[in-house]
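Hi,

Here is the structure I promised to pass on.

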Amino acid sequence: MMSIQKQPEKTGKIVLIGFMGSGKTVVGRCLSQLLGWDFIDTDEEIEKVTGCTIVQIFKKYGELRFRSEEELVLKKLLNRKNLVLATGGSMDLDNRNLELLKQDSYFVLLQADLEVLQQRLSRRNSRPLLGKRPELARIEELLAAREGQYLELADYILNTSGLNVEEVAQNIAGHFQGFYQPREEKQA
Ligand code: S3P
């Protein structure tokens, strides 16, 4: 009988990627609870390590410093297993840590319609690259610059517009487990 082979080297982590406001943090937390896995949000980790908010880091030291903090956080997480990881919205494809992460992780791209992103992003003024109430055109421009990278990394893509956090997390958990579970086990 044909069976879907489990790929142990691919099951270490689920990494959520996507634009600001796509829901990586809230979905990641919920997903980790569903799977009984640990959860880490790289932004929260950076804030813990540096003692500064993301807004403060951008303001005081600039985006480059933020990206290198992001890289350091990733490096520390490479060997972790059973981890759901919510990333910041822009990760450099040339980043070697990201390549290493890719080897044992299942990358999920969360997407949302532009208007939905705008609505979500207008709730809090916590994205230094966008400011409060970003224009649709600004979101579209930044997203267009990143979408190729996101798509290249993604093992699974989900548009979250119209779905609540739990629905998105359930969807990912179901897809992830279904994909990696050998068929015999599924039928047992
Ligand atoms: C960023 C996304 C933010 C945060 C920082 C930069 C980006 O995280 O890392 O403001 O460049 O897309 P969220 O995607 O969680 O908003």
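Two notes on how to read the rest. This is a predicted model, in which local features need pLDDT of at least 70 and side-chain atom pairs count only at pLDDT 80 or more, while totals for chains, interfaces and linings use all residues. Residues are numbered from 1 along each chain as its sequence is written, and side-chain values use heavy atoms, with hydrogens and water left out.

**Overall layout**

The chain has nine helices and five strands. Here helices (H or I, at least four residues) and strands (E, at least two) are DSSP runs, numbered from the N terminus. Along the sequence they follow the pattern β-α-β-α-α-α-β-α-β-α-α-β-α-α. Of the 188 residues, 44% are buried. Contact means heavy atoms within 4.5 Å; among contacts between residues at least 6 apart in sequence, 73% join residues at least 24 apart.

**The sheet**

The strands form an open sheet of five with parallel pairing, in the order β2-β3-β1-β4-β5. Two strands pair if DSSP finds at least two bridges between them. The edges are β2 and β5 (156–159), each of which pairs on one side only. From one strand to the next, the twist averages 20°; axes are lines fitted to C-alpha atoms, for helices over the stretch in contact, and angles run from 0 to 180 degrees between N-to-C directions.

Strand β1 is linked to β3 by four parallel bridges and to β4 by six, also parallel. I14 has V84 as its bridge partner in β3, and G18 has L110 in β4. In a regular strand the side chains alternate between the two faces of the sheet. In β1 both faces are covered: K13, V15 and I17 on one side and I14, L16 and G18 on the other are all buried.

Four bridges join β5 to β4 (residues 105–111), and the two run parallel. Opposite Y156 stands V108.

Helix α1 (residues 24–35) lies across β1 (13–18), β2, β3 (83–86) and β4, at about 160° to β1. One of the residues in α1 is S32, which counts as buried because its relative accessibility is 5%. Leaving out residues up to four places away in sequence, S32 touches W37, D38, F39 and V84.

**Charges**

Side chains of opposite charge can pair when their charged atoms come close. The structure holds ten salt bridges, a salt bridge being a side-chain nitrogen of Lys or Arg within 4 Å of a carboxyl oxygen of Asp or Glu.

- R138 pairs with E141 at 3.2 Å, N to O. They are three residues apart in helix α7 (residues 136–153), so about one helical turn separates them.
- R67 and E63 have their closest N and O atoms 3.0 Å apart. These two sit four residues apart in helix α4 (residues 63–77), so they too are separated by about one helical turn.
- K13 and D104 form a salt bridge at 3.1 Å, N to O. K13 is in strand β1 and D104 in the loop between α5 (96–103) and β4, 91 residues apart. Both K13 and D104 are buried.

The D41 side chain does reach the backbone nitrogen of D43 at 3.0 Å, and a polar atom of the side chain lies 2.9 Å from the backbone nitrogen of E44. Neighbours within four places in sequence aside, D41 is in contact with T25 and A86.

Enjoy exploring it!

Technical notes:
A polar contact is a pair of N or O atoms within 3.5 Å; within protein, one must be able to donate a hydrogen and the other to accept it, and residues adjacent in sequence count only if both atoms are side-chain atoms. Buried means under 20% relative accessible area, exposed over 50%, partly exposed in between (1.4 Å probe, protein chains only).
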